[in-house]
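Trainee: I have a chain open and would like to work through it piece by piece. Where do we begin?

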Amino acid sequence: MDNNPSIAVLQGMKKAGVDFVVSVPCVNLKDLISMVDKDPDIIHVAVTREEEGVGVCAGAYMGGKRTAILMQNSGLGNSINALASLNELYGIPLLMIMSHRGVEGETVCAQVPMGELTPGLLKTMDIPFFVPASKQEAENLIVQAITISLEKKCPVAVLLKIGFWRL
């Protein structure tokens with residue numbers, strides 16, 4: 001496998017059958033977003049806010065697409081209401097690929113509070129999540145995450161910590 005962790009994530013998404021991706025800009029996800037944008041098998045929609053992306057993905061799912069959102073974990077705070085009152089309430093699956101900022105290796109202190117809160121918020125919302133330790137594990141967990149999302153009709157997150165991008 002190539003040494004680029006973004007390739008592993010994209011391969012996992014493709015193996016999982018993801019064909020519609022919404023993205024919010026993030027420094028860690030920039031290569032992945034570019035790859036998704038160039039992939040002829042994936043419809044890519046760039047949005048400015050995470051809750052907007054949740055809504056766009058819900059509509060795409062209703063139209064028969066297998067959806068994912070690429071976002072930074074800080075956007076979880078922005079999207080809690082949409083995830084609870086749309087996805088959770090109406091049983092809409094969604095794969096959330098999150099760059100997990102604010103954890104070990106973080107250089108921006110403003111990222112730390114949300115970084116520490118992210119796992120607890122996901123648990124509180126009953127959103128299953130995975131934290132892969134390697135590129136190969138990420139690829140496999142993405143497939144597992146979307147399977148759970150579709151079976152349980154709920155959002156599922158894959159948290160990619162800062163160290164993941166340096167593997």
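Mentor: Keep in mind that this is a predicted model. Start with a residue in a loop: D126 sits between helix 5 (112-124) and strand 5.

Trainee: Is D126 buried or exposed, and what is its relative accessible area?

Mentor: D126 lies in the loop between helix 5 and strand 5. The cut-off for exposed is over 50%. D126 counts as exposed, because its relative accessible area is 62%.

Trainee: What is the phi of D126?

Mentor: Most residues other than glycine have a negative phi. D126 is a residue other than glycine, yet its phi is positive. The value is near 55 degrees.

Trainee: Where is K153, and what is its phi?

Mentor: K153 is in the loop between helix 6 (135-152) and strand 6 (155-161). K153 is partly exposed, with a relative accessible area of 40%. Its phi is positive, in a residue other than glycine, and near 55 degrees.

Trainee: On to the sheet. What is the strand order?

Mentor: The sheet is open and has 6 strands. Their pairing is parallel. The order is 2-1-3-4-6-5.

Trainee: Which strands stand at the edges?

Mentor: Read the ends of the order 2-1-3-4-6-5. Each edge strand has a single partner strand, so one side of each is left without a neighbour in the sheet. The edge strands are strand 2 (43-46) and strand 5 (129-130).

Trainee: What is the bridge partner of F20 in strand 2?

Mentor: Strand 1 (residues 20-23) and strand 2 run parallel. They are joined by 4 bridges. For F20, the partner in strand 2 is I43.

Trainee: What does S23 touch, and is S23 buried or exposed?

Mentor: S23 is in strand 1. Leaving aside neighbours within four places in sequence, its contacts are I33, H44, V45, A46, V47 and L70. At 2% relative accessibility, against a cut-off of under 20%, S23 counts as buried.

Trainee: How many residues of strand 4 (94-100) are buried?

Mentor: Check both faces. On one side L94, M96, M98 and H100 are buried, and on the other L95, I97 and S99 are too. Strand 4 is therefore largely enclosed by the rest of the structure, and its buried count is 7 of the 7.

Trainee: In strand 4, what is the bridge partner of Q72?

Mentor: Strand 3 (67-72) and strand 4 run parallel. There are 5 bridges between them. Q72 has as its partner S99.

Trainee: In the largest nonpolar core, which residues touch the most other members?

Mentor: That core has 29 residues. Helix 1 (5-15), helix 2 (30-38), strand 3, strand 4, helix 6 and strand 6 each give two or more. Helix 6 gives the most, with 6 residues. The residues that touch the most other members are M13, L70, L95 and I97.

Trainee: Which residues of helix 2 are buried?

Mentor: They pack against helix 1, strand 1, strand 2 and strand 3. Seen down the axis of helix 2, they fall within an arc of 100 degrees, so they line one face of the helix. The buried residues are L32, I33 and V36.

Trainee: At what angle do helix 3 (residues 50-62) and helix 4 (residues 74-90) pack?

Mentor: The crossing is right-handed. Helix 3 contributes E50, E51, V54, G55 and A58 to the contact. Helix 4 contributes G75, N78, S79, A82, L83, L86 and N87. The axes are 7 Å apart, and the angle is about 35 degrees.

Trainee: At what angle does helix 3 run to strand 3?

Mentor: Helix 3 lies across strand 1, strand 2, strand 3 and strand 4. Relative to strand 3, the angle is about 170 degrees.

Trainee: Last one. What separates the C-alpha atoms of K15 and V143?

Mentor: K15 lies in helix 1 and counts as exposed, at 56% relative accessibility. Beyond four places in sequence, K15 touches E139 and V143. K15 and V143 are 128 residues apart along the chain, but their C-alpha separation is 6.6 Å.

Definitions and conventions
Residues numbered from 1 in each chain as written. Predicted model: local features only at pLDDT ≥ 70, side-chain atom pairs only at ≥ 80, totals over all residues. Heavy atoms only, no water. Pairing = 2+ DSSP bridges. Contact = heavy atoms within 4.5 Å. Axes fitted to C-alpha atoms, helices over the stretch in contact; angles between N-to-C directions. Core = buried A, V, L, I, M, F, W, Y, C linked by side-chain atoms within 4.5 Å. Buried < 20%, exposed > 50% of the residue type's maximum accessible area, 1.4 Å probe, protein only. Arc of directions from axis to C-beta. Left-handed = near helix turned anticlockwise from the far one by under 90°.
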